[in-house]
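Trainee: I'm new to this one, could you walk me through it slowly?

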Amino acid sequence: IDALTRLPLRVRLVVLGEGPQRQALEQLAAPLGTRVSFQGEVLDPRPWMGAADAVAVPSTWYEAFGRVVVEAMREGTPVIASRIGGMAELFEDGVQGRYVSAGSASEVEAAIRELSALPAQGMEHLRRAARELAVARYSLERVEAEYAAEYQRLCGFSADDALPHTYVHIIGMPSQMALMSKPDFPLPFVGLVHDENAITVHRRLTADDVLDVGRDLGERAAPD
């Protein structure tokens, strides 16, 4: 918002998301009138990202990864992001977007001026590079395969196309936690431990298998 006060009138800002700072930000943006639009919570931000000329992620704290950056690039939109935490390694400065120092409104302003001054061909090059990087490096299929390979390495399993038997158990943990934390679960969740697991292997699974993870408590199912 601070950077926008010094940018040409044709530059507009759309803020997505909801939080306790919204009222203060709206007051800060009030002098800019309709140049700033607050959309609140948006369940699917992808259309907004794809329609933007750039997505700004000016975080001031250490992001472990920076998911918004990757989502924007996947939509083919250049990113202006703080060079901080995990975000500092997500793309190449000047190729898929621009990095700025955390908390520097002047650098955000300069980055927006630079991108807005690009000819159509230059902007299309940035868009294409952003999309190609997101697909090649951060696709869900690639990330899942890397997770499985790292799990195999940490557990000492052989690194092949088959998943360790215990990996499926790990995938089912969110479902198990949701079940055990329900009010009608027959045992107290706090302090609950288990002393053994039994895994029946019907066939070996690979990373290409589509899994439908369910749960079966048998006779110990909680009453309806």
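Mentor: Helices here are DSSP runs of H or I with at least four residues, strands are runs of E with at least two, and both are numbered from the N terminus. This is a predicted model, in which local features need pLDDT of at least 70 and side-chain atom pairs count only at pLDDT 80 or more, while totals for chains, interfaces and linings use all residues. Residues are numbered from 1 along each chain as its sequence is written, and side-chain values use heavy atoms, with hydrogens and water left out.

Trainee: What percentage of the residues count as buried?

Mentor: Of the 224 residues, 27% count as buried, where buried means under 20% relative accessible area, exposed means over 50%, and partly exposed lies in between, with a 1.4 Å probe and protein chains only.

Trainee: Let's go to the strands. Which strand is β1 joined to?

Mentor: Strand β1 (residues 13-16) is joined to β2 by four bridges, and the two run parallel; strands pair if DSSP finds at least two bridges between them. One of the details is that V15 has F38 in β2 as its bridge partner.

Trainee: Why is β2 described as largely enclosed?

Mentor: Because four of the five residues of strand β2 (residues 36-40) are buried, the strand is largely enclosed by the rest of the structure.

Trainee: What does E109 touch, then?

Mentor: E109, a residue of helix α4 (residues 105-116), touches A3, R6 and L7 once residues up to four places away in sequence are set aside. E109 counts as buried at 13% relative accessibility.

Trainee: Switching to R127, is it buried or exposed?

Mentor: R127 counts as buried, at 14% relative accessibility, and it is found in helix α5 (residues 120-138). Leaving aside neighbours within four places in sequence, R127 is in contact with G50, A52, D53, G76, T77 and P78. R127 and D53 are 74 residues apart along the chain, and their C-alpha atoms are separated by 9.0 Å.

Trainee: Which helix holds Q152?

Mentor: Q152 lies in helix α6 (residues 140-155) and is buried, with a relative accessible area of 5%. Beyond residues up to four places away in sequence, Q152 touches F157, S158, A159, D160, A162 and P164.

Trainee: Back to the whole chain: what share of contacts joins residues at least 24 apart?

Mentor: Among contacts between residues at least 6 apart in sequence, 53% join residues at least 24 apart.

Conventions. Contact = heavy atoms within 4.5 Å.
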